[in-house]
Amino acid sequence: MKINKSELETVAVKPAQYPQPEVPEIAFAGRSNVGKSSLLNLITGRKSLARVSGSPGKTRTINFYRCSGKTDDGLSYVDFRIVDLPGYGFAKISRSESEKWGEMMESYLEHRENLLKVVQLVDIRHKPSAQDVQMYDYLRYFGLDGIVVATKADKVSSNEKARNIKLIRQTLGMDKSDIVIPVSALKRTGDSELLQTLEKIVVEQE
């Protein structure tokens with residue numbers, strides 16, 4: 001799939017502000033400094049659709065992006081939303097603020113009827129944190145797990161990449177059928193595989 005059009009549709013902090021659930025949604029979650037905004041800009045082909053901040057923890061809302069794209073076979077178009085969830089695990093925010101973010105995400109993940117899958121981002125250079133494991137377990141509980149993007153893949157060698165992906169799978173307790181996609185926003189690699197995966201999810205539910 002190639003995303004031909006994407007735009008910010010809604011910014012929300014509570015369910016009453018969500019857009020109508022008339023199209024499927026795929027959400028993206030990850031630690032505050034994992035490179036989520038850069039990834040979203042890469043797969044949508046937009047330089048600044050999602051704001052890339054030098055200050056981790058900047059995203060404090062749920063951002064809904066309306067997207068449309070042409071399938072790889074060129075025969076049809078798909079209409080869906082990418083949902084950018086607030087980053088977690090940033091130490092400099094207060095506990096009360098962190099709890100608000102957690103409640104905001106839980107409300108969306110547990111009750112959003114048109115949510116098909118959550119893509120979880122982890123930094124390929126590091127073993128997934130306890131919060132990464134907690135998030136993946138949470139997604140598994142609701143049947144939203146199965147896809148992990150290992151960001152910043154340009155920062156490791158080929159041997160390190162294979163070894164670290166194995167560590168990611170083991171640490172998160174991923175099944176054999178679950179997918180880990182190494183992506184580099186800087187080198188613009190891995191985005192095609194991710195887009196193919198997203199296309200399959202959206203098309204299969206139609």
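A residue is called buried when its relative accessible area is under 20%, exposed when that area is over 50%, and partly exposed in between, with a 1.4 Å probe and protein chains only. By this definition valine 78, at 1% relative accessibility, counts as buried. The structure is a predicted model, in which local features need pLDDT of at least 70 and side-chain atom pairs count only at pLDDT 80 or more, while totals for chains, interfaces and linings use all residues. Residues are numbered from 1 along each chain as its sequence is written, and side-chain values use heavy atoms, with hydrogens and water left out.

Helices (H or I, at least four residues) and strands (E, at least two) are DSSP runs, numbered from the N terminus. The protein chain has 5 helices and 7 strands, and their order along the sequence is β-β-α-β-β-α-β-α-β-α-β-α. Of its 206 residues, 47% count as buried. The protein chain exposes about 10,700 Å², of which carbon and sulfur atoms supply 46%; accessible areas come from the Shrake-Rupley method with a 1.4 Å probe, and for residues only the protein chains shown count as cover. Contact means heavy atoms within 4.5 Å. Among contacts between residues at least 6 apart in sequence, 75% join residues at least 24 apart.

The buried residues are Lys36, Ser37, Leu39, Leu40, Asn41, Leu42, Ile43 and Thr44. Glycine 45 follows helix 1 and has a positive phi, near 70°.

Helix 3 has 12 residues (130–141), which at 1.5 Å a residue should span 16 Å; the end C-alpha atoms are 17 Å apart, in agreement with this value. The expected span is 1.5 Å times one less than the number of residues. In helix 3 the buried residues are Asp132, Met135, Tyr136 and Leu139. Seen down the helix axis, these buried residues fall within an arc of 95°, so they line one face of helix 3. The arc is that of the directions from the helix axis to the C-beta atoms. Ala130, Gln134 and Tyr141 are exposed on the other side of helix 3. Just after this helix, glycine 143 has a positive phi of about 70°.

Strand 4 (residues 77–84) contains arginine 81, and valine 78 is also found in strand 4. Arginine 81 is buried, with a relative accessible area of 0%. Its side chain is joined to that of glutamate 22 by a polar contact of 3.3 Å. A polar contact is a pair of N or O atoms within 3.5 Å; within protein, one must be able to donate a hydrogen and the other to accept it, and residues adjacent in sequence count only if both atoms are side-chain atoms. The C-alpha atom of valine 78 is separated by 8.2 Å from that of cysteine 67, with the two residues 11 residues apart along the chain.

A pair of aromatic rings is described by the distance of the centres and the angle of the planes. Rings of Phe, Tyr and Trp (its six-membered ring) pair if their centres lie within 6.5 Å; planes under 30 degrees apart count as stacked, over 60 as edge-to-face and the rest as tilted. A search of the whole structure finds 5 aromatic pairs. In one of them, tyrosine 18 and tyrosine 108 have ring centres 5.7 Å apart and planes at 85°, so the pair is edge-to-face. This pair links distant parts of the chain, 90 residues apart: tyrosine 18 lies in the loop between strand 1 (2–12) and strand 2 (25–30), and tyrosine 108 in helix 2 (residues 95–111). Tyrosine 18 is buried at a relative accessible area of 12%, and tyrosine 108 is buried at 0%. The rings of tyrosine 141 and phenylalanine 142 have centres 4.9 Å apart and planes at 85°, so this pair is also edge-to-face. Tyrosine 141 is exposed at 67% relative accessibility, whereas phenylalanine 142 is partly exposed at 31%. Ring pairs link Tyr18, Phe64 and Tyr108 into a cluster.

Positive phi values also occur in residues other than glycine. Lysine 152 has a positive phi of about 60° and lies in the loop between strand 6 (147–151) and helix 4 (158–172). Lysine 152 is partly exposed, at 23% relative accessibility. For arginine 188, phi is positive and near 60°. Arginine 188 lies in the loop between strand 7 (179–182) and helix 5 (191–205) and is exposed at 54% relative accessibility.
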